[in-house]
Amino acid sequence: MKHLLNLIDGDKDIGRGNKFWAGFFLVLICFFLYPTFVSSFRASNTAFYLLNIPMGFGLCLIWGYCGILSFGHVAYYGLAGYAYGIIAGNLLGNSWGPILGVLGGLVVCTIISGIFGYFVFYSRIQKWIIPILTLVFTLLLETFFVQTSGYQWRVGRVLLGGFNGMTNIPFFQIGTFEFEGYSFYYYCLVIVLVLFFGLRILVNSKFGQIVIGIREDELRTEMLGYDIRFLQCVTFIISANLAGISGLLYVQWGNYITPSQMGILQAALPVIWCAVGGRNSFIAVIFATIVLNWLSFTLSSQGNQYALVIIGTLLVITMVFFPRGIVVMIFEKMQKIR
Amino acid sequence: MDIGPLIISLIYQLFANAAFLFLAALGLIIILGMMNIINLAHGEFMMMGAYVATITYHAGVPFVISVILSFIVVAIIGGIFELLIIRRFYGEELGALVVTWGISLVLGQGTLLLFGPFMPSIKIPGGSYKFGVFSYSEYWLILIGVCILLIVLLWWVYSFTNYGLQAKATMQNPDMAKCLGVSTKKIYTITFSIGAGLAGLGGALLSPTMTIAPFMGQQFVAPAFITVVVGGATNVIYGAVGSSLILSAVKTNIGMAFGAFFGTVALLLTALIVIRIMPNGISATFQRYIDKKSLSTK
């Protein structure tokens, strides 16, 4: 137990020591109390900001900690969503359906990312090719799902639905209890918390040290006797599954999924969250994901067409003036002052 | 049915597809090969080229001149981006990738806000030419000719002009080039704007064959980047020509047999297999072969 606490408080992420954790738990209590002050609709909207965080974590792990940039994590988001929709939709009425759907979604993510990772990492291709291949992969998936309209694209009882996407995806349920509204908000919050602590343990453990070693110097890490191809592949699979978790939560939240969730504009979003927040810090990614999702949601729900321009400009400004992320650099400044 | 016209039709399609890939990837591969910058705003540069061509064409400028104009305008825009933003990211491949992505978002949505969702299209110049049972678009035949012209022109620029030699020196060893009095910063700016301009030129040349819309750049992303990945960045001309020919051979046959979507899937699979065999792309393997040959004859 002591060992685990030490790992959580490790030095591979910003935010250590009693003061930080006191603040962290204070904010956490606010998050837990939040639904008591707002309507079920607002809580559900906020849950949408939370459910994107695991995908941000996934990109943070693979880009910030392993040094491999993936532009195609939305592919796994979409795949997991579609897999859940197909499995849970076919087992409609069965209380085990959603749980099997979740497992199925994660298995699909693992298999596809494993195959992709094998080709990419075992051929030791240059670093810049990976983002391009992942991007092309997700664009292809989008094209594939767009053309799946009509009755011939049916899996069991579920229609894939082409451009309009898959609808009537069931809520997540355990036994007879369905997660929606307030309970969905708490469900997302707990998942994000568990993943946050799990990932802090992961990056501060021996595995995390080696992964960071790969980021710093691939050749040297390999000379120390580690199979970097395998480790990169494993890290890629983990982060693809994190994106898959986001996709699962998304379909359980909105009960639908469209191919545009795997489109080029969606693919940009997790990269932006990580870049603006700070790619080597999970806490910064949480912060940036919530703020940026809130920003784009507010802008676009007012019918403001400048949302993409503003977010793109923000990305360019961050990359030019705050290359390590706004949240991380502010945090470091504060520590220096103290 | 006669076999002759069928073969000629296949060859025509092969070269037309190769011309499309070549025009879509040329600007990208120059910027990547010379400067090691992956320009994700490439599709948007092509879109701007198409817009410039469309606007000037409908203002009454002849198509040939509007294509040249689009090269110049996009080259200037690219040069400005290089001076303001890109030059901070040399040596940081992933950073450059992300920042050019940001630029592409702003350009795409900005164009939508400025010009609206639709543009009048350009009529395909030239008629069609009939041979046997198949007919051929004259415009695509011209495009194939333009590609050959561009290859010769690039070969001449990078083999005989002062700028070309300095650019090659900068590519091989920037520090040494600097010591010998080459202003590498200037070379990078010129190279980037030439690459951007070629993207604009490609967009303008392909604009009669497609719908002009603010996000039209996205449809170039997959083919252009696959061409670059397969071609590699060791030698710009070998890479661009070799990979667009190979990919078009794959795409033409698979696409004819199974449909356009599977043609694109086959492109991705080809890319995965090629980089599994030749991690640095076709151009690196080809260059090594030529180097070996020239060594053995000496």
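In which loop of chain B is Asn36(B) found? Asn36(B) sits in the loop between helix 1 (3–35) and helix 2 (42–58) of chain B. Helices (H or I, at least four residues) and strands (E, at least two) are DSSP runs, numbered from the N terminus.

This is a predicted model: local features need pLDDT of at least 70, side-chain atom pairs count only at pLDDT 80 or more, and totals for chains, interfaces and linings use all residues. Residues are numbered from 1 along each chain as its sequence is written, and chains are lettered from A and ligands numbered from 1 in the order in which they are written.

**Two asparagines**

Most residues other than glycine have a negative phi. Asn36(B) has a positive phi. Asn168(A) has a positive phi too. Asn168(A) lies in the loop between strand 2 (158–159) and strand 3 (173–174) of chain A.

Exposure is set by counting other C-beta atoms, placed from the backbone, within 10 Å of a residue's own: buried at 20 or more, exposed at 12 or fewer, partly exposed in between.

| Residue | Phi | C-beta neighbours inside 10 Å | Class |
|---|---|---|---|
| Asn168(A) | near 60° | 12 neighbours | exposed |
| Asn36(B) | near 60° | 17 neighbours | partly exposed |

**The interface**

32 residues of chain B are in contact (C-beta atoms, placed from the backbone, within 7 Å) with 33 residues of chain A. On the chain B side, helix 4 (93–115), helix 9 (218–231) and helix 11 (260–277) each supply at least two residues. Helix 4 of chain B gives the largest share, 14 residues.

Note on methods: Two residues are in contact if their C-beta atoms, placed from the backbone, lie within 7 Å.
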